[in-house]
Amino acid sequence: MREKGTIFRWGWQAVTLLCLMMGEGLSSCGSLQTYSYDELMPAKVNFPVEVRSVAVVNHSVGVDGLRQGVLTLGAMDGNGQQTAESLADVLADSKYFNQVTICDSALHCPGDTAADRQLLTPREVDSLSAVLQADLLLSVERVEVVTQKKSLLIPGWGTPFEAIQAKVTPVLYVYLPGRDTPLYRISQTDSLTWEPGLLPANQEVLEETAHASALLLSRMLVPYWEPATRCYFDGGGVNMRDGAVYAREGDWEQALALWKSAFEGTRSKKKQAQAAFNVALALEMTGQVGEASQWLEKAAQLAPPESGLAQVCVIYASQLKLRQNALSLLNAQMQRFDENF
């Protein structure tokens with residue numbers, strides 16, 4: 001079995017674990033549960049709203065000289081053509097742009113080396129953009145792959161095991177017609193790991209790293225979905241329990257109403273804190289992140305100092321701050337859809 005995506009893998013799982021661990025220290029009047037969902041995250045770069053059509057081109061040096069059926073350890077050039085094709089597929093599936101075009105022809109001559117690689121000239125950019133009818137060019141410049149043997153230790157295993165790891169670093173330039181220099185240079189690194197007994201050959205490494213490269217680049221270019229986890233309380237009264245049922249069914253408006261009633265219907269500061277915490281979650285899920293922060297502040301003020309409840313409030317405050325920052329970028333990037341997302 002192969003593990004992939006180490007850059008994006010652990011954030012939401014760590015939050016789940018922390019919530020569950022803290023939940024063990026909370027009293028039975030308010031059992032802490034977790035809610036997992038997918039949230040839309042902003043891309044790392046922004047494009048003008050007027051950019052509706054993009055073209056993906058392969059400007060990398062072709063793969064050459066690798067033996068078939070064996071694994072080459074060390075540095076090698078990845079498959080830029082496969083990366084470009086996979087990136088075009090991912091961008092088309094995202095439906096962020098009106099049109100995504102792939103240029104099948106290599107822009108380098110056969111026999112060119114890395115030393116021959118040069119940036120596209122403004123004249124080449126203008127010509128390619130006109131031919132491909134694109135507002136923007138996405139040029140895959142190179143895909144760097146480094147394979148090595150790695151000693152890994154999995155929790156619960158007594159001894160480490162040897163595995164094969166491939167670090168992949170795609171490099172892409174974004175060109176806008178009419179500019180003398182690239183608009184962006186985009187690069188990201190990720191790693192793929194193969195367990196013992198699943199020794200890959202060069203061909204498999206190149207295919208897998210090409211796909212991984214496309215996913216890495218796409219997250220820099222267009223908004224993407226990512227797993228997220230939040231916590232909530234489902235005990236402490238009928239309204240708290242019923243609100244949790246509606247929350248699990250995705251009816252956050254009903255959950256919000258019941259949890260507000262729970263907050264108003266008790267004099268216990270601890271129960272009020274738990275209800276306010278839940279209200280904050282419901283508000284976030286309905287897009288009211290600013291108001292959610294206000295209710296979370298109420299929960300933090302009512303929670304017993306240094307209690308498990310207070311610690312959960314600290315965790316959620318950090319999550320809300322990150323989400324509020326992400327939404328400001330996301331709203332700008334999604335203006336092309338008139339906020340219908």
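Start with the side chains of Arg 230 and Glu 39, which meet in a salt bridge, 3.9 Å from N to O. This is a predicted model, so take that distance as a computed one. Arg 230 sits in strand β10, residues 224-233, and Glu 39 in strand β2, residues 32-41, so the pair ties together parts that are 191 residues apart in sequence.

Glu 39 has another partner: its side chain also meets that of Arg 323 in a salt bridge, at 3.6 Å from N to O. Here the link runs from strand β2 to helix α9, residues 308-333, and the two residues are 284 apart.

Are these residues buried or exposed? Arg 230 and Glu 39 are both buried. For Glu 39 the relative accessible area is 12%, and because the cut-off for buried is under 20%, Arg 323 at 10% counts as buried too.

Salt bridges with shared partners join Glu 39, Arg 230, Glu 284 and Arg 323 into one network. The count for the model is 6 salt bridges. One of them is between Glu 226 and Arg 219, with the closest N and O atoms 3.5 Å apart. Glu 226 is buried at 16% relative accessibility, and Arg 219 is buried at 18%.

Now the strands. The protein has 9 helices and 10 strands. Strand β6, residues 136-152, pairs in the parallel sense with strand β3, residues 53-58, over 5 bridges. In that pairing Val 56 stands opposite Leu 138. Strand β4, residues 74-77, pairs with β6 in the antiparallel sense over 4 bridges, and Gly 74 has Thr 147 as its bridge partner there. β6 also pairs with strand β7, residues 161-175, antiparallel over 15 bridges; Gln 148 stands opposite Gln 165 in that pairing.

Leu 138 brings us to the core. The largest nonpolar core has 74 residues, and Leu 138, Leu 172, Leu 221, Trp 259 and Phe 277 touch the most other members. Helix α7, residues 269-285, gives the most to this core, with 9 residues. Apart from it lies another core of 12 residues, among them Val 57, Leu 128, Leu 132 and Tyr 173.

Which residues does Leu 138 touch, leaving out those up to four places away in sequence? They include Val 56, Leu 91, Leu 172, Val 174 and Leu 221.

Last, the whole chain. Of its 341 residues, 45% count as buried. Among contacts with a separation of 6 or more, 73% are between residues 24 or more positions apart.

Methods
Residues are numbered from 1 along each chain as its sequence is written. This is a predicted model: local features need pLDDT of at least 70, side-chain atom pairs count only at pLDDT 80 or more; totals for chains, interfaces and linings use all residues. Side-chain values use heavy atoms; hydrogens and water are left out. Buried means under 20% relative accessible area, exposed over 50%, partly exposed in between (1.4 Å probe, protein chains only). Contact means heavy atoms within 4.5 Å. A nonpolar core is a set of buried Ala, Val, Leu, Ile, Met, Phe, Trp, Tyr and Cys residues joined through side-chain atoms within 4.5 Å. Two strands pair if DSSP finds at least two bridges between them. A salt bridge is a side-chain nitrogen of Lys or Arg within 4 Å of a carboxyl oxygen of Asp or Glu.
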